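The sequence and the structure come first, and the description follows.

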Amino acid sequence: MEKTCTSVWANCLQIIKDNIPTQSFKTWFEPIIPLRLEESVLTIQVPSLFFYEWLEEHYVGLLRKTIKKQLGDTGRLEYNIVVEKSSSKMPYTTNLPSSGNGAEGKSQSIPMPMALNKDIKNPFVIPGLKKLQVDPQLNPNYTFENFIEGDCNRLARSAGYAVGAKPGGTSFNPLMIYGGVGLGKTHLAQAIGNEVKKTMPDKLVIYVSCEKFCQQFVDSLKNNTINDFVNFYQAMDIIIMDDVHNFAGKDKTQDIFFHIFNHLHQSGKQLILTSDKPPKDLAGLEERLLSRFKWGLSADLSVPDMETRMAILKKKMYQDGIELPNDVIEYVANNIDNNVRELEGAMVSLLAQSTLNKKEIDLALAKQMLKNFIKNTSKEISMEYIQKLVCEYFEVPVEMVKSKTRKREIVQARQISMYLAKSHTKTSLKSIGAFFGGRDHSTVIYACQTVEDLIDTDKKFKAYVHDIQKKLKMS
Ligand code: ADP
Ligand code: MG
C-alpha cells in the first residue's frame with residue numbers, strides 16, 4: 001500500500017498515543033495536521049510557534065523514534081508553523097533529521113527558515129485579538145501617590161516609576177520587586193499598572209497572581225484551551241505577576257510561563273514580577289526561568305523605618321478623613337514595626353473601636369486598645385510551639401528531637417528549633433538547652449552558629465528556615 005502523509009501520520013499517532021498521557025495527546029497531537037510526504041520527509045502543520053517549541057522540548061525523542069519507525073533511517077519531520085499575518089515577521093519552520101547512522105542522541109533538531117503557508121488560518125487565534133479589551137484586574141487604590149517613599153523602598157519605587165512611564169523601554173525588564181510579607185510588593189506592582197493605564201489607556205495590562213495563573217493553566221489543560229491561554233498572555237503589553245515564589249514545584253506551569261516570558265521579552269513587552277525572596281534564593285524554580293528573572297532589575301522592599309511608618313499612618317489617616325493625636329500615631333508606629341499591613345490593621349481597629357465607643361482616642365486609650373492587637377501580632381511564641389512546627393515540617397517525631405540521637409535529620413531539626421527559640425522567644429540559652437533534651441548553653445550557641453552559617457551558604461537550608469519562620473509568624 002502506498003504511503004501518504006495521512007497514513008504515515010496516523011501510524012505515528014498510534015504509537016505516540018500509547019506513550020503519553022491522554023490529556024497531553026489531546027492537547028499537543030490532535031491539533032496537528034499532516035500536510036505532505038515528499039521522499040521521506042513528512043511535513044506537519046502546527047498551530048503556533050509556541051506549539052512547535054513545546055513539541056521540540058517535550059516530545060523530540062518520541063517523535064524522532066516514531067518517524068524512524070515509519071519512514072526508515074532517512075525519515076525526517078518538518079514543521080510548518082502557522083504564523084499570524086500581523087506578526088509574520090518571523091517565518092519559522094524547522095526540520096528534525098532523524099539520526100542517519102542510528103546513533104540516537106547525536107542528531108539535533110536544526111531550526112531552518114522555510115516559506116510559511118500564509119493561506120492557512122490559525123484556528124487557535126482568538127478572533128479580534130488585536131482589539132482585545134482586557135480588564136487589567138488592578139485595584140485603583142494602589143497608586144504611586146499613595147505609596148509613601150522611604151529609604152526602605154527608594155530604589156524599587158523609582159524603578160517602578162520609570163517602568164510605568166516607559167513600559168518595555170527601560171533596562172528594568174523584567175522588574176522584580178521582592179520583600180517580606182506586607183511590605184508593599186502588590187501595592188507597588190499595581191501602581192505601575194495603574195500609571196500605565198492612566199497615561200496609555202490602550203496598552204494591554206494584566207495583573208495576575210502566580211497562583212491564579214497556575215490555576216488557569218490547569219483549567220486550560222482540562223478544557224483543551226491551552227492555545228487560547230497562551231495567546232491571551234502573549235497578546236499583553238504588560239504582565240504583572242504577583243508572588244512568583246508560588247511557582248515552586250510547578251514545573252509545567254513554569255514551562256508555559258517561560259515561553260510566554262520569552263515571547264513578550266523579545267517583542268519589547270514589559271514584565272513585572274514580585275516575590276518574597278530575591279531571585280537567587282528562590283527555591284524550586286527552574287534555572288532557566290530564574291536566569292530570566294535576573295535579566296532586568298531586582299529591587300527590594302525592606303521594613304520601613306520609624307519616620308516612614310509615621311508617614312504611612314498619616315497618609316492613611318488623611319485618606320480616611322480622620323484624625324488621631326500625634327502621640328497615638330507615634331505609639332502605633334513604634335510598636336508595630338515589621339509589617340505595613342499590620343500597621344494599617346492596627347489603625348483600622350483603633351478607628352473602629354473609637355467609632356463604636358464614641359470616644360476620642362488618646363494615648364492611654366490607644367495603649368489599652370492595642371494591647372490585644374500588639375500581643376496578637378507579635379504573639380508570644382513558645383518553645384513547645386516551635387518544636388511542634390519544626391517537627392511537623394521535617395516529619396520527625398518530637399521525642400527524637402529531645403533524645404540523644406545524632407541522626408542527621410534529627411540534629412538538623414533540633415538545631416533549627418534552638419535557633420528559632422533563641423531568635424523568637426526571650427528564653428535564656430540555659431533554658432533552651434534544658435528544654436531540648438537537657439543540653440547546656442554552649443550546645444545552644446553552637447547550634448545557632450551552625451544554623452546561621454548554613455543559612456549563609458546553603459540555599460535549600462535557608463529556604464527551610466524561612467518557610468518555618470513564616471509559619472511561626474502566621475500563628
Ligand atoms: P505585600 O504584597 O508585600 O504583602 P501589600 O502591597 O499588600 O504587601 O501591602 C500591604 C499594605 O500596606 C497595603 O494596604 C499597602 O497599601 C500598604 N503599604 C505598603 N507599603 C506602603 C507604602 N510605602 N506606602 C503606603 N502604603 C503602603
Ligand atoms: Mg502581595
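In this predicted model, domain 2 (154–301) and domain 3 (306–375) both contribute residues to the shell around ligand 1, so the ligand lies between them. That shell comprises 17 residues, and the closest of them are I148, G182, T186, H187 and E344.

Oxygen atoms of ligand 1 make polar contacts with both backbone and side-chain atoms of the protein, as listed here.

| Residue | Protein atom facing an oxygen atom of ligand 1 | Distance |
|---|---|---|
| L183 | polar backbone atom | 3.3 Å |
| K185 | polar backbone atom | 2.8 Å |
| T186 | N or O atom in the side chain | 2.8 Å |

Taken alone, ligand 1 exposes 560 Å², and the protein buries 91% of that area. Two elements, α5 (185–199) and α12 (340–357), are those that give two or more residues to the shell around the ligand.

The description now turns to the sheet. Five strands form an open sheet with parallel pairing, and their order across the sheet is β7-β8-β9-β6-β10. At the edges stand β7 (205–209) and β10 (297–301), each of which has a single partner strand, so one side of each is left without a neighbour in the sheet. From one strand to the next, the twist averages 15°. Within this arrangement, strand β8 (residues 238–242) runs parallel to strand β9 (residues 270–275), to which it is joined by four bridges, and the bridge partner of I240 in β9 is I272. Strands of a sheet pair through backbone hydrogen bonds, in either a parallel or an antiparallel manner.

Most residues other than glycine have a negative phi, and most peptide bonds are trans.

How values were computed
Residues are numbered from 1 along each chain as its sequence is written. Chains are lettered from A and ligands numbered from 1 in the order in which they are written. This is a predicted model: local features need pLDDT of at least 70, side-chain atom pairs count only at pLDDT 80 or more; totals for chains, interfaces and linings use all residues. Side-chain values use heavy atoms; hydrogens and water are left out. A residue is near a molecule or strand if one of its heavy atoms lies within 4 Å of it. A polar contact is a pair of N or O atoms within 3.5 Å; within protein, one must be able to donate a hydrogen and the other to accept it, and residues adjacent in sequence count only if both atoms are side-chain atoms. Accessible areas come from the Shrake-Rupley method with a 1.4 Å probe; for residues, only the protein chains shown count as cover. Domain bounds come from an automatic or database domain assignment. Two strands pair if DSSP finds at least two bridges between them. Axes are lines fitted to C-alpha atoms, for helices over the stretch in contact, and angles run from 0 to 180 degrees between N-to-C directions.
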